[in-house]
Amino acid sequence: MNLSNNGLLKRILMALAATLVIVYFYPHPEANRFNYEEGRPWNYAQLIAPFDIPVHPDSATLLAARDTLDAHFVPIYELNQLIIDTIVGRLPSAPGTNYQRRLGAELRKIYASGVVDMRTREEIENGRLPKVRILDKNILSEMSTSGFSSLRDVYLYLDSTITDNELHQYFLRANLQNILQPNYTRNDEESRRHYEYDYLTLTADRGIILQGQTIIDKGALITSQDFTNLRTYESMLAERNTSEKQSNLLMLLGQFLFVALLMTSLMVYFYFFCKPIFDNFRALTYVLILVVAFFLVAVGLNHFVAGGIYLAPITILPILVLVFFDGRTALMVTTMMTLICSAVTTFALEFIFLQMCAACAAVYSLRELSRRSQLLRTSLVVALAYVSAYVSLELLLNGSFEGFNPRLVIFLLVNSALVSMGYVLVVLAEHASGFISVTTLVELADINAPLLMRLSNECPGTFQHSIAVSNLATDAAQRVGANVQLLRAGALYHDVGKLANPAFFTENQHGVNPHDALPPERSAQIVINHVIDGLKLADKAGLPNEVKNFIREHHGAGMAKYFYFQCVRQHPDQEVDKAPFTYPGPNPQSRETSILMMADAVEAASRSLKEHSREAITDLVNRIIDSQIADGLHNDSTLEFRDVARIKEAFIKRLMTIYHSRIAYPPSATRRPAAEQTAPATPGSEQPASKVQ
């Protein structure tokens, strides 16, 4: 199919849009110029400090300092010495008694040891506050909290120790629960300031890497301190970069060119080696959407989880391509996707090697997804490929298992487990894209499917014919590299329209031919309508368009020639209109529907052969297929002349197998009566086969 300039432009714009989306979500130019991980070797050359770099404490030191400070920090409190006078002054007066003085004396005695709020008292009781620091005129002094009481403790103590009944009555009238206040209160502002000062003291810089000194050597294991030093270096480098804007633009340009070249390589592959995908705009859109979607998943996981790109189920990508296209295309798409993601990863070589090993293992293990259980096996094979590839890399780069990263292995195993759930994505992709997977074709080709069961029960002759056509067509499909599963399913359903009028087709007749009582035009219309009736049944059963194409195209725009010639013989003096005898078409548009048309005609005609020698079968096959080609019925398909030759050979070989000669068994020892030996054949058994197809 030749693409118009407009069609080519649409494909270029779509690939460009995919490229721009990918570049937009690439790491920004201001991100780290190096890719590295704590606990892994430094894979770059020796890094020399171009300027003085302060040595900040590493994350572990910062965390330990925080924990130590939280455990040992002594908060700051203030003593309000005047609060007791205020409390005593608020006690109710009692003329003629000394109750106010006596209760005030008790309060002063308690407050001398210290009274605090309930929160502080709870901390003391839980052992979290053994002492406090008292701020008095900018001087800090520590004191024990063992003598501190809470406001509630003060009230309960007085309530239980006052034995004088009249004084106790005065105590109750004083309503102390609303008067008492702590004299030691926490100063949150001073506590926070001293906490921050203590933390800065504990986490002060440990020194300076002078200009010209080594930051890290090539191959050295990146410690927590090295990781912090590298972060500091990159931060200072970004601040000192006077041409940052220009550098950012150049880096963006480099990212765009990198992705554009990979996307161009993928499009070139489709154009030269997988033309059906390039010519099919929907198929090309599907593949590019997969690439972009899996890239976004990988980048998202890598952003939120350290090393999360290894969690991205990239191995599902070749499966989603394989089920609709082929293994070679699946590997090519996965390769481009892996290379695009490699620029995001910390260790590009490791990532590419691991993903390609896993992708090859997945494609080899799966090859053709026909059962859900295959994904479980593929998941195990992918896991084995991941682990083997990772072990080999560790030995190659480090010569030991000292740098073995269990976390990465867990990520890879989780990634492998996700492959087993790929069937859900296959089903979703099938519904979203409109393509049909091998699994669905296998399910449709099950003879227990409702429509096929009905065909078997109501049209047994048609059902047997469909099975024979299926076997004949799939043999030919294997010879020319056509879609075998699609052809098998299409062959089984191609004649379901005969369910509308089973008795009008010879394979379902039993001695009575209803066409004998009808004019040729009416008979032709009934036979031709099995295509239209088949499409209605297919719509009702929800069959995919790819299968309905076999119903629609298996007769193409050909003619019901038997009834046409019958009409010509009945009207020798008139020119007979061919339109009522012509199928609605269209002619076969694909290799698979072309093969079915050939197989359908050859299988039906082979039943009328009286001699089944190789010469007779070869002549029949050549005559029928050459006649179809001469009538132009296969002009729209993509079959080539060498394909036709292989199809003919496949048909001849299959028919020779079906009609092979059988050995003659010797007569039994007990001879039958003569009358029995010469009994005539069952009436009608030697009638020539009808030519109604």
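Let me start with aspartate 164, which at 28% relative accessibility counts as partly exposed, and let me say at once that the model we are looking at is a predicted one. The side chain of this aspartate 164 meets that of arginine 102 in a salt bridge, with 3.4 Å from N to O. Arginine 102 sits in helix α4, residues 99-111, while aspartate 164 belongs to the loop between α6 (151-161) and α7 (165-173), and so the pair ties together parts that are 62 residues apart in sequence. Arginine 102 is likewise partly exposed, its relative accessible area being 28%.

Now to helix α8. Within this helix, which covers residues 188-202, glutamate 189 and arginine 192 are 3 residues apart, a separation of about one helical turn, and they form a salt bridge in which the closest N and O atoms are 2.7 Å apart. Glutamate 189 is partly exposed at 48% relative accessibility, and arginine 192 is partly exposed at 40%.

The other pair I would like to show from helix α8 is glutamate 190 with arginine 193, again 3 residues apart, about one turn of the helix, whose side chains meet in a salt bridge at 2.6 Å, N to O. Here glutamate 190 has a relative accessibility of 17% and, because buried means under 20%, counts as buried, whereas arginine 193, at 45%, counts as partly exposed.

Finally, there is a network of salt bridges that links Arg121, Glu125 and Asp153, and the structure as a whole holds 23 salt bridges.

Terms used:
Residues are numbered from 1 along each chain as its sequence is written. This is a predicted model: local features need pLDDT of at least 70, side-chain atom pairs count only at pLDDT 80 or more; totals for chains, interfaces and linings use all residues. Side-chain values use heavy atoms; hydrogens and water are left out. A salt bridge is a side-chain nitrogen of Lys or Arg within 4 Å of a carboxyl oxygen of Asp or Glu. Helices (H or I, at least four residues) and strands (E, at least two) are DSSP runs, numbered from the N terminus. Buried means under 20% relative accessible area, exposed over 50%, partly exposed in between (1.4 Å probe, protein chains only).
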